[in-house]
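Below is a briefing on the fold of one protein chain, grouped by topic. Please read it alongside the sequence and the coordinates.

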Amino acid sequence: MCGIIGYVGNKSCLPFLLEGLDALEYRGYDSAGVSLAYGDGIDTVKSKGKLAVLREKLEELSPPISFCGIGHTRWATHGEPSDINSHPHVTPALTLVHNGIIENHASIARELVERGVSFISDTDTERAAYLIDLCYSECKDPVEAIFKATKMLSGSFAFGVIFKDRPECIYAVRRDSPLIVGQSENGCFLASDVPAILPHTNICCRLDEGVVAELRGDGISFFSAPYTRIEQKFEEIKWSPEQAQKGGYAHFMIKEIHEEPMALRRTLEHINRDGLPYFEGAERLLREARSIKMVACGTAMHACLIGKHMIEKLARIPVSVEIASEFRYGEQIFDGGSLTLLLSQSGETADTVAALRRAKELGIPTLAIVNVFGSTLAREADEVIYTLAGPEISVASTKAYSLQCAILSALAISLSLIRGRTDEESAKALFGSLLSDLPRLVDEVLAKEKEIVRVTDKIYSAEHLFYIGRGIDYYLALEASLKLKEISYIHSEAYPSGELKHGTISLVSDGTPIVALITDSSLVEKSLLAVHEVISRGAKVTVICTDRISREHELPECEKIILPDAPEHLLPVVTATAIQLLAYFTATKKGLDVDKPRNLAKSVTVE
Ligand code: M6R
């Protein structure tokens with residue numbers, strides 16, 4: 001996710017651009033830039049780092065007043081964060097900002113190179129900019145050039161473009177990435193999202209896919225292919241600027257949980273090669289792995305446990321999971337053929353980075369799964385796989401965890417094919433259900449909000465609570481418990497159901513709240529044994545299980561959250577959404593600051 005802003009009108013554009021970028025920084029913050037148009041050319045200033053770095057640079061340069069400009073705040077997906085890879089990207093004829101991913105950038109680059117173009121950045125965006133430039137050099141019409149070029153692009157994009165010989169106009173178009181335009185008495189605005197322009201206008205239009213908008217100081221014209229002038233519907237936005245930044249949600253956490261279906265589609269499509277998961281660059285490491293050590297912290301470490309379960313089950317490769325802060329100082333015994341797999345949303349967690357360096361010192365191949373492009377882990381690991389969750393702002397990790405579980409499931413399928421544990425047809429079927437069924441199933445869980453809110457009545461006033469489960473449900477219980485305690489401050493413990501009787505059950509008495517996760521159909525009877533045991537000691541139980549389990553087994557009379565049925569390798573992600581919602585609604589019922597829980601930072605970059 002990146003943020004786009006543009007303004008053309010009767011006022012100096014730079015303050016509007018910077019204010020808009022400020023409001024959009026939640027969409028990406030690894031670099032930022034602006035282009036300011038003048039009658040005799042365009043000035044572009046950009047820099048790696050947060051917006052503050054760009055502000056300083058602009059203060060030093062003090063560019064002359066411009067009335068038409070575009071700006072961008074970046075969240076890298078192609079090419080590490082750097083001054084050169086930052087947007088806007090400049091070609092001889094234009095300057096351009098982009099949000100999205102151009103999937104066929106490599107083939108476009110090849111064609112452009114054949115026609116004499118040379119690139120200076122590593123980005124997919126620069127390729128798209130040159131393609132539009134080339135089309136413009138042929139037709140000399142901005143709208144036609146954009147239609148022509150975007151027809152050749154696959155992937156997602158929202159573009160803002162200024163042509164050097166039309167410095168009084170901004171052109172915009174989008175596919176699968178958001179873009180809005182708005183109009184005020186002082187001019188016209190372009191943005192990825194409403195908050196960027198809300199202080200100036202609340203009359204906005206969400207650009208339809210494929211429609212080209214031409215923004216001038218005195219109004220906006222819309223065109224659909226092949227070059228027909230059309231009308232677009234404007235609406236009145238009733239949100240406050242703060243509400244708008246969260247897309248109308250009360251907190252980033254709930255917004256991010258709702259982004260899961262879209263982020264899953266994006267991440268899984270990215271690794272889809274002809275119906276099979278393909279991990280570019282990492283294939284050799286995967287082929288050579290005889291055993292895997294997974295290392296991470298917190299929620300990412302819980303995702304490793306899900307990965308362990310999947311990889312051992314599908315590929316029969318032994319996997320051990322270690323907490324990074326333990327790994328870095330522990331005795332490490334590796335056999336030949338070991339692979340260290342490091343997981344992190346931020347890619348900057350100090351303990352995980354130290355673990356990576358330790359593994360490298362020991363000469364063990366390293367593969368990182370991270371969400372932040374160009375982060376330390378991504379740069380230093382031998383190979384990297386990205387989850388494309390977009391920025392995660394809320395301290396409590398939700399969409400990143402779900403994507404980690406999904407990508408590990410795809411990795412397990414790939415490993416099982418490599419190891420000859422499955423044939424291509426079955427692997428395609430497994431991956432196909434991840435691609436097509438998983439986002440839909442997560443949507444179904446999101447629709448169960450009322451059911452989940454009802455359960456919070458039973459737990460929000462508790463001081464202590466247990467999550468219990470067996471097998472993969474225990475691993476999920478660990479994450480459910482962490483999520484709950486981190487944002488609701490309820491002391492929560494996760495326990496393997498079968499282990500309760502060895503000590504912990506002595507803590508269960510009248511009214512002890514217990515949430516039992518029962519999604520593993522092979523262990524239902526065993527899980528129910530534990531549930532009956534705690535009920536007979538007075539526990540107040542809530543069961544989270546699949547629809548099928550609820551129909552085929554005699555469950556006790558208690559609160560239930562019924563999940564949609566799903567194939568085994570999808571269930572962790574389906575369950576994850578439910579446990580995240582349960583934690584979220586419990587914390588909000590207590591009136592807590594969900595996005596910034598006490599004593600916690602989003603990224604733990606110190607030991
Ligand atoms: O950025 P990372 O994934 O490396 O962060 C690891 C943990 O600090 C993180 O998952 C933490 O546990 C979250 N706050 C949990 O919601």
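Helix α10 passes helix α14 in a right-handed crossing (a crossing is right-handed if the near helix is turned clockwise from the far one by less than a right angle, and left-handed if anticlockwise). Helices and strands are DSSP runs numbered from the N terminus, with H or I over at least four residues for helices and E over at least two for strands. This is a predicted model, in which local features need pLDDT of at least 70 and side-chain atom pairs count only at pLDDT 80 or more, while totals for chains, interfaces and linings use all residues. Residues are numbered from 1 along each chain as its sequence is written, and side-chain values use heavy atoms, with hydrogens and water left out.

**Helix α10 against helix α14**

- α10 (residues 298-315) and α14 pack at an angle of about 20 degrees, and their axes are 8 Å apart (axes are lines fitted to C-alpha atoms, for helices over the stretch in contact, and angles run from 0 to 180 degrees between N-to-C directions).
- That angle makes α10 roughly parallel to α14 (under 35 degrees is roughly parallel, over 145 roughly antiparallel, 65 to 115 roughly perpendicular, and the rest oblique).
- On the α10 side the contact includes T299, A300, H302, A303 and C304, and on the α14 side it includes Y401, Q404, C405 and L408 (contact means heavy atoms within 4.5 Å).
- The residues of this contact of α10 with α14 divide into 15 nonpolar, 6 polar and no charged (Ala, Val, Leu, Ile, Met, Phe, Trp, Tyr, Cys and Pro count as nonpolar, Asp, Glu, Lys and Arg as charged, and the others, Gly among them, as polar).

**The parallel sheet**

- An open sheet of 5 strands has parallel pairing and the order β19-β18-β20-β21-β22 (two strands pair if DSSP finds at least two bridges between them).
- Its edge strands, β19 (319-323) and β22 (383-386), each pair on one side only.
- From one strand to the next the twist averages 20 degrees.
- β21 (residues 366-370) pairs with β22 in the parallel sense over 4 bridges, and I369 stands opposite I385 in β22.
- α14 (residues 399-418) lies across β18 (291-296), β20 (338-344), β21 and β22, and runs at about 160 degrees to β20.

**The antiparallel sheet**

- 8 strands form an open sheet with antiparallel pairing, in the order β3-β2-β4-β1-β10-β9-β11-β15.
- At its edges are β3 (41-48) and β15 (235-236), each of which pairs on one side only.
- β9 (residues 180-184) and β11 (residues 203-206) pair in the antiparallel sense over 3 bridges, with V181 opposite C205 in β11.
- Helix α1 (residues 13-24) packs on this sheet and touches β1 (3-9), β2 (31-38), β4 (68-74) and β10 (187-191), its direction making about 155 degrees with that of β1.
- Helix α2 (residues 51-61) also packs on the sheet, where it touches β2 and β3, and its direction makes about 135 degrees with that of β3.

**Other helix pairs**

- Helix α17 (residues 449-459) packs against helix α21 (residues 571-589) at an angle of about 55 degrees, with the axes 9 Å apart.
- This angle makes α17 oblique to α21, and α17 passes α21 in a right-handed crossing.
- Among the residues that meet are E449, I452 and V453 in α17 and A578, L581 and L582 in α21.
- The residues of the contact of α17 with α21 divide into 8 nonpolar, 2 polar and 3 charged.
- The axes of helix α8 (residues 260-270) and helix α16 (residues 438-446) come within 8 Å and cross at roughly 170 degrees.
- α8 and α16 are therefore roughly antiparallel to each other.
- E260, P261, L264 and R265 in α8 meet L438, P439, V442, D443 and L446 in α16.
- By class, that contact of α8 with α16 has 6 nonpolar, no polar and 3 charged residues.

**Backbone details**

- H87 and P88 are joined by a cis peptide bond with omega about 0 degrees, and P88 is in the loop between β4 and β5 (89-90).
- S62, a residue other than glycine, has a positive phi near 45 degrees, and its place is in the loop between α2 and β4.

**Domains**

- The chain is divided into domain 1 (3-242), domain 2 (246-436) and domain 3 (447-594) (the bounds come from an automatic or database domain assignment).
- The centres of domain 1 and domain 3, taken over C-alpha atoms, are separated by 47 Å.
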